Amino acid sequence: MKKGRLIVSLDIGTVKTSVIAGETGEAGLRIIGRGSAPSRGLRKGAVINIEDAVESVKEAVRDAGAMAGIEINAVYLGIGGEHISSLLSHGVIALSKHEIEQREVDSVIDAARAVAIPFDREVLQVIPVGFSINGQNGITDPRGMSGVRLEADVRIITGSATYVQNFVKTCEKAGLEVIDIVLKPFATAEAVLTDDERSLGTAVIDIGGGTTEIAIFHEGLLCHTSVIPVGGNNFTNDIAIGLRTPAPEAEKIKKQYGCTMISMVQDHEEIEIGYSGDRQAKNVPRHHLIEIIQPRAVELFKLIKDEIRASGFDGLLSSGAVLTGGSAMMEGMDVMAENILDMPVRIGMPAGIEGLTDDMSSPMYATGVGLLIYGAREMTAENEKHSRWGISRVINWARETLHL
């Protein structure tokens, strides 16, 4: 067994299920193992066959545990998808004493989250977006300050109760306890954003297999989230149809030869396309492939631009946007994003953790690494008896509801 305290992240995506094991110690957080498996039993990030999903989770957990030399039985679970929504709420409490402590902060957060939630929705996280004391606004941490009236604005993240139940049940059937459920874009930002980017304003754009998730940060806080039902699988499907090749071959072609801008491809370049059955592989000009990919990429980034404009923060993103997710690695994605979004764009690589190998320093692992960072901070806060504001009641609720 390892000497440090174990933290494990579980990211169940539409294409890939990823498990990363880390440990905390005096030297900080370091990665000690990882495992992955093709995602089965999912469609656009939702569980449609629990037994198949369980097998994918078990396989990824087994590989990560074997690499780290540990037994994995508890995880931080990332949640995303089209079912996620958020709302703003406001809470007020009177202070019985002059100096504000953690329990007063917890009380005003509880007051802000006491809003009517539809029966088919569950609260996943409650994220403070600002406090005020005696009418003074713009306070990010009121602890240690004095006053008689404490107010809080919070963003309440909710998810479909059915969706969450199915993920919790999948983990339980795989022999895992879910320590906490974390919004995926929130976790991803932990791994790829700098403090300056959070403060100046940045959009984190996570292009997954089934969906693209957007999280906007400004003045150090999560201000907006949204989901677009277009992802890497749409590129793969377009290639499969356009080149008349099976989906696995289309995925391989996308990863090996994909590019979003035809201006970046030479006329003489060719690619090899494989077929099923007895049909022989053949070579075709690479620009034929790009002619299929480019319109889909243009569509995606125009949808992203519309979402950012609708959020009301489009003029406040001084640091631009950060692209993550497996599809962010496709050649030309950042260049096209800059052209269409009209802002600086960079590819978000996870960083800042010991044990990150070269292949893990990739946008596709940003969420998993971010979940580890989130878990380590939660663990540190618990040890110091200064709880961060995360909501995990949904887990107990799901267990009671499902009699797990």
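Glu-23 turns out to be buried at 8% relative accessibility (buried is under 20% relative accessible area, exposed over 50%, partly exposed in between, with a 1.4 Å probe and protein chains only). Its salt-bridge partner is Arg-30, with the closest N and O atoms 2.6 Å apart; a salt bridge here is a side-chain nitrogen of Lys or Arg within 4 Å of a carboxyl oxygen of Asp or Glu. Arg-30 itself is partly exposed, at 31%.

A word on the ground rules: this is a predicted model, where local features need pLDDT of at least 70 and side-chain atom pairs count only at pLDDT 80 or more, while totals for chains, interfaces and linings use all residues. Residues are numbered from 1 along each chain as its sequence is written, and side-chain values use heavy atoms, with hydrogens and water left out.

The salt-bridge count comes to 18. Another of them pairs Arg-40 with Glu-59 at 3.1 Å, N to O. That pair links distant parts of the chain, 19 residues apart: Arg-40 sits in the loop between β3 (28-38) and β4 (42-43), and Glu-59 in helix α1 (residues 50-68). Helices (H or I, at least four residues) and strands (E, at least two) are DSSP runs, numbered from the N terminus. Arg-40 is partly exposed at 32%, and so is Glu-59 at 25%. Glu-269 and Arg-286 also meet, at 2.9 Å from N to O. Glu-269 is in the loop between α7 and β15 (270-273) and Arg-286 in helix α8 (residues 286-311), so this bridge ties together parts 17 residues apart in sequence. Arg-286 counts as buried at 8%, whereas Glu-269 is partly exposed at 23%. Elsewhere, shared partners join Glu-101, Arg-103 and Glu-104 into one network.

Over in strand β2 (residues 16-25) sits Thr-17, buried with a relative accessible area of 0%. Its side chain makes a polar contact with that of Ser-39 at 2.9 Å (a pair of N or O atoms within 3.5 Å; within protein, one must be able to donate a hydrogen and the other to accept it, and residues adjacent in sequence count only if both atoms are side-chain atoms). Leaving aside neighbours within four places in sequence, the contacts of Thr-17 include Leu-10, Ile-12, Ala-37 and Val-57, contact meaning heavy atoms within 4.5 Å.
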